[in-house]
Amino acid sequence: MVRRPVAWVTAIVLFVEAVGIASVNWFMGVVVDRQDMSLAGLDPDVMSVSSKVAGLVFGLYFALCGLTALRVAVRDRAPAGLGRILLISAAVVHALLGAFAVGLVGWGAFASMMVVLGLIVLIFMTYDRREAALSGAEPGAGPGGPTGSAGPADSAGPAAPGGGVVPPPPAPSAP
């Protein structure tokens, strides 16, 4: 039963990351403002304000993702709708940040991004497995079971509403 603890830990990590991202970007904005230097002719005030705004936007984004993970933990149900989209986008963001972090910051930052990515993916995997078990079907089990071979009970095929047997669809042909 690791579903709820994983969702709780993911929510906490995303909240900490939201505060960290907002703080780092705010600090960078203050540093740029105090240096009073331009980069390629850009106005230092614009760079400072844009860094602060970006920090707040990304901080709010990660906080919203943390709220989604918190909701998953409290309700003990898989994320759906907008929450699912938010967590998938957070997983993609962490994968990309991890890829960039290797070259820019180092392997420690990459490892931390991959841990958060793993926690988000683990939320989806544990809840999807649970939802499939509740519906009575195993994940990956098709009409003939996990191996795809039909047993003696399934050899006739599914019954049609009129009582007949529905034929299987034709096999795709190669061009």
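Mentor: Begin with the surface: accessible area comes from the Shrake-Rupley method with a 1.4 Å probe. In this predicted model, the protein exposes about 11400 Å². Carbon and sulfur atoms supply 72% of that area.

Trainee: What share of the 175 residues is buried?

Mentor: A residue is called buried when its relative accessible area is under 20%. Here 28% of the residues in the protein are buried.

Trainee: How many helices and strands are there?

Mentor: The protein has 4 helices and 0 strands. Read from the N terminus, the order is α-α-α-α.

Trainee: Which residues have the most contacts inside the largest nonpolar core?

Mentor: In soluble globular proteins, nonpolar side chains tend to be buried together. The largest nonpolar core here has 23 residues, and those with the most contacts inside it are Leu14, Tyr61, Cys65, Leu87, Ile120 and Ile123. Helices H1, H2, H3 and H4 each give two or more residues to this core. H4 provides the largest share, 7 residues.

Trainee: Which residues is Leu14 in contact with, leaving aside its neighbours within four places in sequence?

Mentor: Contact requires heavy atoms within 4.5 Å. By that rule, the partners of Leu14 beyond those neighbours are Phe62, Cys65, Gly66, Ala69, Leu87, His94 and Val116.

Terms used: Residues are numbered from 1 along each chain as its sequence is written. This is a predicted model: local features need pLDDT of at least 70, side-chain atom pairs count only at pLDDT 80 or more; totals for chains, interfaces and linings use all residues. Side-chain values use heavy atoms; hydrogens and water are left out. Buried means under 20% relative accessible area, exposed over 50%, partly exposed in between (1.4 Å probe, protein chains only). A nonpolar core is a set of buried Ala, Val, Leu, Ile, Met, Phe, Trp, Tyr and Cys residues joined through side-chain atoms within 4.5 Å.
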